[in-house]
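Dear colleague,

I am handing over the structure that we talked about, and my notes on it come after the display. Please read them with the structure open beside you.

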Amino acid sequence: MSVPRERADLPYAAHLDPFDGRLAPQGEYDTVAFQGQEFEQQDAGNARFIECVFSSVVFTGGGCPRARFSDVWMHAVRWVGSELGESTWLDAEVINGAFAGVLLNAATLRRVTFFGCKLEGVNARSATLQEVAFVDCLLREVDLAGATLNSVSFPGSTLERVRLEGAQLSKVDLRGATDLDIADGHAALKGATINSTQLLGLAPAFARTLGVTVKDS
């Protein structure tokens with residue numbers, strides 16, 4: 001998916017019911033529209049969100065650990081200091097969203113596309129990403145240590161001080177990234193494809209990883 005869908009294009013758009021209330025642990029939310037709400041320190045652990053829409057929603061603290069997001073559409077949603085550890089995301093679309101200081105550790109993301117999102121200080125250790133695309137996104141100090149990435153791409157995205165220590169990469173395409181700054185775990189890039197310009201920029205780090213000393217005289 002190269003461009004995000006509009007809300008009206010969703011196959012379930014006509015069946016959405018507006019949400020009014022508080023989130024609850026183990027809640028079941030099916031074809032629900034969350035519009036403009038601010039959820040502060042609310043616990044929706046183990047909740048299920050199926051064919052839901054989130055527009056201009058803010059989550060501060062609290063979170064949805066072990067929750068399931070299936071076929072959801074999110075636009076201009078902000079997560080600040082929230083916990084999403086061990087959550088499951090399937091067939092999700094996230095547009096112009098922001099994730100700041102969020103816990104995504106051990107989460108599973110499959111067929112998820114991020115468009116124009118900012119991820120800063122996100123802990124995604126031991127997460128599993130399969131068929132995930134970051135399109136025109138900013139990933140700053142995202143921790144992917146011990147994560148598994150398969151068929152992941154970053155077209156038009158900027159990666160700043162991203163951690164990959166102990167990560168396992170397969171069919172990861174970094175060629176479209178506009179900036180590629182890896183803080184650690186350069187050895188994990190053996191499962192990735194990069195372009196020649198990126199290779200030149202990463203050469204000093206590769207040399208350090210291999211224990212190669214480079215001297216001109």
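This is a predicted model: local features need pLDDT of at least 70, side-chain atom pairs count only at pLDDT 80 or more; totals for chains, interfaces and linings use all residues.

Residues are numbered from 1 along each chain as its sequence is written, and side-chain values use heavy atoms, with hydrogens and water left out.

The sheet

Strands (E, at least two residues) and helices (H or I, at least four residues) are DSSP runs, numbered from the N terminus, and two strands are said to pair if DSSP finds at least two bridges between them. On that basis there is an open sheet of eight strands with parallel pairing, in the order β4-β7-β10-β12-β14-β16-β18-β21. Its edge strands are β4 (38-40) and β21, each of which pairs on one side only, and the twist from one strand to the next averages 10 degrees, where axes are lines fitted to C-alpha atoms and angles run from 0 to 180 degrees between N-to-C directions. As background, strands of a sheet pair through backbone hydrogen bonds, either parallel or antiparallel.

Within this sheet, β12 (residues 98-100) and β14 (residues 118-120) are parallel and share three bridges, with Lys-118 of β14 as the bridge partner of Ala-98. Further along, β16 (residues 138-140) pairs in the parallel sense with β18 (residues 158-163), again over three bridges, and there Leu-139 has Leu-159 of β18 as its bridge partner.

Two buried side chains

Glu-93 belongs to strand β11 (residues 88-95) and counts as buried because its relative accessibility is 1%, buried meaning under 20% relative accessible area with a 1.4 Å probe and protein chains only. A polar atom of the Glu-93 side chain lies 2.6 Å from the backbone nitrogen of Arg-5.

Gln-198 sits in helix α1 (residues 196-210) and is likewise buried, with a relative accessible area of 9%. A polar atom of its side chain lies 2.7 Å from the backbone oxygen of Leu-174. Leaving aside neighbours within four places in sequence, Gln-198 is in contact (heavy atoms within 4.5 Å) with Leu-174, Arg-175, Ala-177 and Leu-180.

Methods: Buried means under 20% relative accessible area, exposed over 50%, partly exposed in between (1.4 Å probe, protein chains only). A polar contact is a pair of N or O atoms within 3.5 Å; within protein, one must be able to donate a hydrogen and the other to accept it, and residues adjacent in sequence count only if both atoms are side-chain atoms.
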